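Dear colleague,

Please find below the structure that I am handing over to you. My notes on its cavities, a helix contact and a sheet follow it.

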Amino acid sequence: MASNATSFTSPLASAKLGTVGVPPQLEYVIDTISQASGWTIIATLLAVLVAWDQIKYVLNKGTIAGPSWKIPFIGPFLESLDPKFEEYYAKWLSGPLSCVSVFHKFVVIASTRDMARKVFNSPSYVKPCVVDAAHKLLGADNWVFLDGPAHVEFRKGLNGLFTRRALEIYLPGQEEVYNRYFKSFLEITKNAGGKPVPWMPHFREVITAVSCRSFVGHYISDEAVKKIADDYYLITAALELVNFPIIIPYTKTWYGKKAADMVLAEFAKCAAKSKVRMAAGGEATCIMDAWIKQMIDSKKWREAVASGNTEGIEKPTHLLRDFTDYEISQTIFTFLFASQDATSSAATWLFQIMAQRPDVLDRVREENLKVRNGDIHAPINMEQLESMTYTRAVVRELLRYRPPVLMVPYLVKKAFPITEDYTIPKGSMVVPTTYMALRDPEVYPNPDYFDPDRYYSGDAEAKGAKNYLVFGVGPHYCLGQHYAQLNLALFVGKASLLLDWKHHPTPLSEEIKVFATIFPKDDCPLTFEERKW
C-alpha cells in the first residue's frame, strides 16, 4: 500500500499541493494567488473587469464613430447629468451612426434621415424602450411596452379617440382652459410689477391643464391639475435618457415614481366617475369618456350577439374588452407622458418666436379674426380651425425649427444589420434623432431660419415628406399628432386676439436647454398685456 502511494505522487507536484498533479506552468500562478493579500486580489479582479468592459465596448463599437475607449463602467454618465445640446449635435455630426456606452448599456445613435427611418420602420429588430425607469413609472404591463401583434391590436382600440370627429368634442374644454389661463397671464405680469418673468413653467402648467381637460374632462379638480403640473417635472427628470437604472430613495427616479403614482391614482378616480356617467347615457366630452363609451358599446354588442338579436344595435368599429380603472389610468397617463413635455416645449418656443416675429404674429392674428367674423371671443369649431392654413403652417414650421423630441430610444431585440458593414448587437439601445433630417438644407433651404411660408405657399410638405420625423414613422408613430398641432394652433390663435406679449431677450434666449425636450436656456422671459382693439 505504501509503495503504491509513493509511486502515485507526481515528481513534478509541489509539496504545498500534496499529491495533486499540477502543470509546472501554473505553479507560479497558484503560488502568487495563495500568497496575495485580499486587496491584491480585489485590484486584480477590478483590472480584469475594466479590461473586459473596454474590450466589450470596442467589439460592440466596431467601425462606427464614437470614443476610442470609455470611462470604466459608467461611461459618460456624469456628463449626462447635465445634458448639453451642443454635445448631442457634435455626436450627430460625427457620422450616420455613432455610439456611447453608459453603465451596462451600449447605445447607438442614428443621426441621418435614412438611418433614423430605418430604425423607426424595423419593428422586427427593435421596439420602443423609453428608458430603464419607464417600466417602473408607467407600469411594466403598460400598453406602450407591448410589441408586435399585441401592440397593433391595442392601438386599434385607441385610433377612434383621435379622429376628426373626436377631436371636435374636445375643443370646448380646451378653449375653456385657455380663457382661464389667459387671465392668469395678465395677473402674473401685474404681480411682477410689469417686469419679465420666465414663462416656461407657466406654459408647462397651462399645457398640463389643457391636457387633463382633454383627457379626463371635469372628473379631475383644478387643485389636482395644479398638483400634477407642479410635480410633473419630477417625472420628466426621472425619464431622462440616461439615469440610474434602479430606484434609489431620494434620487430623481424615486421622486418621479412618487409623482407618477399620484397621477395614476387621480386618473383611476376619474375612470370610475366616467364609467358611471357613460353607463347612464352621458355625452362624451373627453378622451376618457370616448374610450369608456367604446367599451360599453362593445359590451352591448356582445350581449346582443349572445342573445341572438342584434337588431337596432350598431357594431362598434373595434370591439374592446372592459378595462379596469387602473388600466384606463395607465393608458391615459401615457397620453399625458407623450404630450406634456413636447407640447410645453413647442408652446414656449412658439410664443418666444411670435414675439420676435411681429410680421408672422400679425398674419396669425388677421387669419384668426377673419375666421371668427371679427368677434375675438367667438369659440371655433373644427372646420374653422382646420381652415386656418397660415396658423397651422406656423405650427408646422415651429415643430421643424425647434423639434421638441430630439431622440427616440429603441431596444434592439435581436442583432440588427442596420448597414452592410455594421450590425447593432442584441440588447443595445439604438436612438434615432429627428433633428438632422429637419435641418437638411437640400430639403429646407436656409434651414436655420423660421419661415412658415415653407408650408403655407412653398413645397416643404411634399419635398420634406420623408424628413418630417417630428411624430415618428412606422408602427409606433404618434397617435396624437393631429391633436397636438391643432391644439397649438388654437392656443396661439386665441392668444393673438386676446393678448399682446413681449419677449425680453437675454444672451441665453437662443441657446437650447435639454430637459427631456428642449427649451430656451433662459426659460423665455415674457410680459403680457390685454390686447386693445
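A cavity is here a set of points, on a 1 Å grid over the protein atoms alone, where a 1.4 Å probe fits but cannot get out. Grid points are joined across faces, edges and corners, and a volume is the space filled by probe spheres set on the points. The model is a predicted one, in which local features need pLDDT of at least 70 and side-chain atom pairs count only at pLDDT 80 or more, while totals for chains, interfaces and linings use all residues. Residues are numbered from 1 along each chain as its sequence is written, and side-chain values use heavy atoms, with hydrogens and water left out.

Cavities

Searching the whole structure gives two cavities of 30 Å³ or more. The volume of the second largest cavity is about 50 Å³. Its lining (residues with an atom within 4 Å of a point) consists of Leu167, Tyr170, Leu171, Gln174, Met382, Leu385, Tyr483, Leu486 and Asn487. Two or more of these residues come from each of helix 9 (164-191), helix 16 (382-387) and helix 20; helices (H or I, at least four residues) and strands (E, at least two) are DSSP runs, numbered from the N terminus. Helix 9 contributes the most to this lining, with four residues. By class, the lining holds seven nonpolar, two polar and no charged residues, where Ala, Val, Leu, Ile, Met, Phe, Trp, Tyr, Cys and Pro count as nonpolar, Asp, Glu, Lys and Arg as charged, and the others, Gly among them, as polar.

Helix contact

Helix 20 (residues 481-498) also meets helix 15 (residues 358-371): their axes come within 9 Å and cross at roughly 90 degrees. Axes are lines fitted to C-alpha atoms, for helices over the stretch in contact, and angles run from 0 to 180 degrees between N-to-C directions. Helix 15 is therefore roughly perpendicular (65 to 115 degrees) to helix 20. The contact (heavy atoms within 4.5 Å) involves Leu361, Val364, Arg365, Asn368 and Leu369 of helix 15, with Val492, Gly493, Lys494, Ser496 and Leu497 of helix 20.

Three strands form an open antiparallel sheet in the order 4-10-7; two strands pair if DSSP finds at least two bridges between them. Strand 4 and strand 7 are the edge strands, each pairing on one side only. Strand 10 (residues 525-530) is joined to strand 4 (residues 197-198) by two bridges, and Val197 stands opposite Leu526. Five bridges join strand 10 to strand 7 (residues 499-503); there, Lys502 has Thr527 as its bridge partner, and Leu499 stands opposite Glu530.

Yours sincerely

How values were computed
Angles under 35 degrees count as roughly parallel, over 145 as roughly antiparallel, 65 to 115 as roughly perpendicular and the rest as oblique. On a 1 Å grid over the protein atoms alone, a cavity is a set of points where a 1.4 Å probe fits but cannot get out, and a pocket is an open set with protein on both sides within 12 Å along at least five of seven lines; lining residues have an atom within 4 Å of a point.
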